[in-house]
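Thank you all for coming.

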Amino acid sequence: MLTVPSFENARVLVVGDIMLDRYWYGDTGRISPEAPVPVVRIADEERRLGGAANVALNLARIGAQTRLLGVVGEDEPAEATRALLEEAGVVADLIASESHPTIAKLRVMSRNQQLIRLDFEKSFALDGAFERTNLIERYKTALADVDVVVCSDYGKGTLADVDTIIGIARDRGIPVLVDPKGSDWRRYAGAHLITPNLHEFETVVGAVDDDACLQREATALRERLDVAALLVTRSEKGMSLFAHDGHLHLPAQAQEVFDVTGAGDTVIALLAAGLGANMSLADAAAIANLGAGIVVAKLGTATVTPGELKQAAHSQRGGRRGVVDEDTLAALVAERRDRGERVVMTNGCFDLLHPGHIAYLEAARALGDYLIVAVNDDASVRRLKGASRPLNDLDHRMQVLRGLSAVDWVVAFSEDTPERLICRILPHVLVKGGDYTPDQIAGGDCVRNAGGEVRVLDFVDGYSTTSIIERMNGDTAKPR
């Protein structure tokens, strides 16, 4: 069973070709009198990190400790790149070239169509483009605090000394993952893992006719290059991992494909983060496969979040219901909201489940398509109910709730009230039982301000955890 770990302790260094993707958006309604081309009235501009910078962004978005080493120019795109990296929490170690511009791509967009792309670049492989010895020295220094290295090669020259980069890391026992470019991969010899797509792979080995041929060629190439593994991404056919101890095929996860831009960056970022979080290579590949399925369903260069990964893993296991963490729940609710489905939420201690609870939860579930039950953790129950409570610990209470047919998701919270959680999740309907009024319910203002509804439902008379405890102690009569 695949579990998405925390990536917070994974320390990853990305080295490679840094790019800035710029988008100009505007309407067009006429042809230029100067030439047979459309006239676009620019109304908006967007800037995104590209190349190795997008790999670093993917790592930062899932919580990994990320450092980026590369080359930029001394220009405005370089400043924009630095600002975006700082905003993302990436530690940027950028070498400035006096003679070459920051690699940038400008796309002019109108009515959801790309009219033209303009590339601003000079190869950093040219002699004197930047101080290559400086990059290697900075690289050696950075390796002191790194678990995994990613070489993001877009053929722009930053990785002209990639063989040296791989050799230094290998001597220190640090795995290097390579997103390759070109037809000569001898410079990647000794890397831990290479992640080509099928077209890139065939550029090196020739046409692959079937799975048997793919396995044969991948095994031979892996042994020839002395790499631990090859991960070949195959679009709608998923991914195939070829390692020294066998091979593994991972079917594609995407239900809909809108844009494959940047999917390779996501794959190698998640592989690196997985290895940095001490996952096995097979499990890291499975996480990368989930991430690829998420990003290709988004438009443009995209990233994934831990919540999206956890939701995808949860769905892969066939589990659309059950105990979830807060990030996963937020992603699940967002998906249902996008589909126009109605989510109901309630909360409580639910220490001893009784018929009153069952009736209440069934009534709450009838108000929508899905029901979330938020449960006080043990410490908050003690603060609310006294030192003798809860009678059952949090895990016990949540597992009992998840078994009810009326309940879709169960989530814990640690505060005295679930207001913060409710304000993040924003259900369509917030429900509470008892003698409350709607304006007394924690989180109600957030729900109403978002256009939702707050409801109060009656409890079944005679049932409460407190009364059950009292009856067990012989203090009251049984309910009618």
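This is a predicted model: local features need pLDDT of at least 70, side-chain atom pairs count only at pLDDT 80 or more; totals for chains, interfaces and linings use all residues.

Let me begin with Arg 336, which forms a salt bridge with Glu 341, the closest N and O atoms being 4.0 Å apart; by salt bridge I mean a side-chain nitrogen of Lys or Arg within 4 Å of a carboxyl oxygen of Asp or Glu. Arg 336 counts as buried because its relative accessibility is 1%, where buried means under 20% relative accessible area, exposed means over 50%, and partly exposed is in between, with a 1.4 Å probe and protein chains only.

Residues are numbered from 1 along each chain as its sequence is written, and side-chain values use heavy atoms, with hydrogens and water left out. The term pLDDT is the predictor's confidence in each residue, from 0 to 100; the mean for the chain is 89, and 91% of its residues reach 70 or more. Over residues 476–480, however, pLDDT stays under 50, and for these residues the model has 7 contacts beyond four places in sequence, a contact being heavy atoms within 4.5 Å.

Let us go back to the helix that holds Arg 336, one of the buried residues of α10. Helices here are DSSP runs of H or I with at least four residues, strands are runs of E with at least two, and both are numbered from the N terminus. Helix α10 covers residues 326–338, 13 residues in total, and reaches 18 Å from its first C-alpha to its last, close to the 18 Å expected at 1.5 Å a residue; that expected span is 1.5 Å times one less than the number of residues. At its N-terminal end, α10 is capped by Asp 325, which has a side-chain oxygen 3.3 Å from the backbone nitrogen of Asp 327. After α10 comes Gly 340, with a positive phi near 80°.

The structure holds 30 salt bridges. Some are linked into a network, made up of Glu 326, Asp 327, Glu 415, Arg 420 and Arg 424. Another salt bridge joins Arg 132 and Asp 161, with the closest N and O atoms 2.7 Å apart. Arg 132 lies in helix α3 (residues 132–142) and Asp 161 in the loop between β8 (148–152) and α4 (162–171), so this pair ties together parts that are 29 residues apart in sequence.

Which residues touch Asp 17, if we leave out those up to four places away in sequence? Among them are Gly 50, Ser 152, Tyr 154, Lys 156 and Thr 158. Asp 17 sits in the loop between β1 (11–16) and β2 (18–31), and it is buried yet has no salt bridge, the nearest side chain of opposite charge, Lys 156, being 7.3 Å away. For charge, Lys and Arg count as positive and Asp and Glu as negative, with His and the chain ends not counted. The side chain of Asp 17 does have a polar atom 3.2 Å from the backbone nitrogen of Lys 156, and a polar contact of 2.8 Å joins the side chains of Asp 17 and Thr 158. A polar contact is a pair of N or O atoms within 3.5 Å; within protein, one must be able to donate a hydrogen and the other to accept it, and residues adjacent in sequence count only if both atoms are side-chain atoms.

Finally, a word on backbone angles. Most residues other than glycine have a negative phi, and most peptide bonds are trans. Asp 226, in the loop between α6 (211–225) and β11 (229–233), has a positive phi near 55°. Leu 426 also has a positive phi, of about 50°, although it is not a glycine, and its place is in the loop between α14 (419–425) and β18 (429–433). Just after α7, Asn 278 takes a positive phi of about 70°; of the 14 residues of α7 itself, 13 are buried, so this helix is largely enclosed by the rest of the structure. As for peptide bonds, a cis one joins Arg 389 and Pro 390, with omega about 5°, and Pro 390 lies in the loop between α12 (378–385) and α13 (394–402).
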